[in-house]
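Please read the points below with the sequence and the structure side by side. They go from the whole chain to single residues.

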Amino acid sequence: MTDVLRPHAEDLYAEELAVLAKSDDRPRPPGWRLSPWAVTTYILGDGDQITPKYIGPRRVVEVAVATLATDRALLLLGVPGTAKTWLSEHLAAAVSGDSTLLVQGTAGTAEEAVRYGWNYARLLAEGPSREALTPSPVMRAMADGGIARVEELTRMPSDVQDALITVLSEKTLPIPELNDEVQARRGFNVIATANDRDRGVNELSSALRRRFNTVVLPVPATVEEEIDIVSRRVEQLGRSLALPEIPAGLEEIRRVVTVFRELRSGVTEDGRTKVKSPSGTLSTAEAISVLTSGVALAAHFGDGVLRPADVAGGIRGAVVQDPVSDQVVWREYLETVVRERDGWNDFYRACRDAG
């Protein structure tokens, strides 16, 4: 897997999954590779051999795992950057050993992505047949008893969303052209994700919403928790991208996370000063991206130490999405908060220079 830029979860963490499977003596739902307890341990870690994949409330993960053990599908809902896709991938890897059965929701997603399509060369040559049919990831998950993942469900057109209703309620996918159907095997379920900032794009129908159990993923509760998440992911990304190793740079990580949290919430960490929020989301995922870029700058063009100048440009790019209104927000924050903060003079100068 050394040539793969981003291995699938079941490949990257194959050793951990094998360790859990070997020691897992708890009841497993039909078709599951691990018990719900072992799946939760894989996601949250055990402080020893199993590394945490998601840092957040344990109860949130337990509810998500328990949902997959029932006949209801799982909808992970949250603001951008709350690890919805990351969690759905690892849940699928732990439950069924395959996280690749993925439907990416967009405005142009067709119904065939949820149901099935046709190999038109064979269809014209041989007529309708199972061999001429091209199964969707959902259809393959049903046939194999696996987990299908649907990303950005509310980005998909309503008629495409509704193609899931029969699948989720009857656990059957009709193929009327062949007077046939595919019935789901034990272990089949669906994990969907949705951005709660997409309300009003393509709202879920009440009929479809009833088929899902919704789990809301919160933003990190404390600055320390978010720093932990960002530090772990930056380190993992650095290894996967083969970036030269540099010191951890915890001071700059803390500064970036603090800036993002304050602008996101509209108030400084001490609660004394209100600040304006920019138009962007400033999610944890964006903080990870800013710091990974900073690590690359420090490693290839700096002295091997992560410094304010390495992250300043990335922060400004993340904050200033609207060149007019966000620029005003950023300048005001720099002058009223960053400039007056003890020990942040170098960070303030780097941000001013980057602007």
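1. Contacts along the chain. Of the contacts in the chain with a separation of 6 or more, 71% are between residues 24 or more positions apart. Contact here means heavy atoms within 4.5 Å.

2. Basis of the note. This is a predicted model, in which local features need pLDDT of at least 70 and side-chain atom pairs count only at pLDDT 80 or more, while totals for chains, interfaces and linings use all residues. Residues are numbered from 1 along each chain as its sequence is written, and side-chain values use heavy atoms, with hydrogens and water left out.

3. Overall make-up. The chain has 16 helices and nine strands. These are DSSP runs numbered from the N terminus, with helices being H or I of at least four residues and strands being E of at least two. Along the principal axes, the C-alpha atoms fill a box of roughly 70 × 50 × 40 Å. Of the 355 residues, 48% count as buried; buried means under 20% relative accessible area, exposed means over 50%, and partly exposed lies in between (1.4 Å probe, protein chains only).

4. Two domains. The domain assignment gives domain 1 (9-216) and domain 2 (223-354), with bounds that come from an automatic or database assignment. Their C-alpha centres lie 34 Å apart. Eight residues from domain 1 and 11 residues from domain 2 take part in the contact.

5. What kind of interface is it? Domain 1 and domain 2 bury about 730 Å² between them, and 60% of this is on carbon and sulfur atoms. Buried area is the accessible area (1.4 Å probe) that two parts lose on being put together, summed over both. The count of salt bridges between domain 1 and domain 2 is zero; a salt bridge is a side-chain nitrogen of Lys or Arg within 4 Å of a carboxyl oxygen of Asp or Glu.

6. Helix 5. This helix covers residues 84-96, has 13 residues and reaches 18 Å from its first C-alpha to its last, close to the 18 Å expected at 1.5 Å a residue. The expected span is 1.5 Å times one less than the number of residues. Helix 5 is largely enclosed by the rest of the structure, because 12 of its 13 residues are buried. Among them are Lys84, Trp86, Glu89 and His90. Gly97 follows helix 5 and has a positive phi, near 75 degrees.

7. Most residues other than glycine have a negative phi. Ala83 is not a glycine, yet its phi is positive, about 70 degrees. Ala83 sits in the loop between strand 1 (73-78) and helix 5, and counts as partly exposed at 26% relative accessibility. Lys171 also has a positive phi, near 55 degrees. Its place is the loop between helix 9 (163-170) and strand 6 (172-175), and its relative accessible area of 23% makes Lys171 partly exposed.

8. Salt bridge Asp180 to Arg130. Side chains of opposite charge can pair when their charged atoms come close. The structure holds 23 salt bridges. In one of them, the closest N and O atoms of Asp180 and Arg130 are 3.2 Å apart. This pair links distant parts of the chain, 50 residues apart: Asp180 is in strand 7 (residues 180-183), and Arg130 is in the loop between helix 6 (120-126) and strand 4 (133-135). Asp180 is partly exposed at 33%, and Arg130 is partly exposed at 40%.

9. Arg255 and Glu251 form a salt bridge, with their closest N and O atoms 3.1 Å apart. They are four residues apart in helix 12 (residues 250-265), so about one helical turn separates them. Arg255 is buried, with a relative accessible area of 2%. Glu262 forms a salt bridge with Arg341, with the closest N and O atoms 2.8 Å apart. That pair links distant parts of the chain, 79 residues apart: Glu262 in helix 12, and Arg341 in the loop between helix 15 (325-338) and helix 16 (345-354). Glu262 is buried, at 0% relative accessible area.
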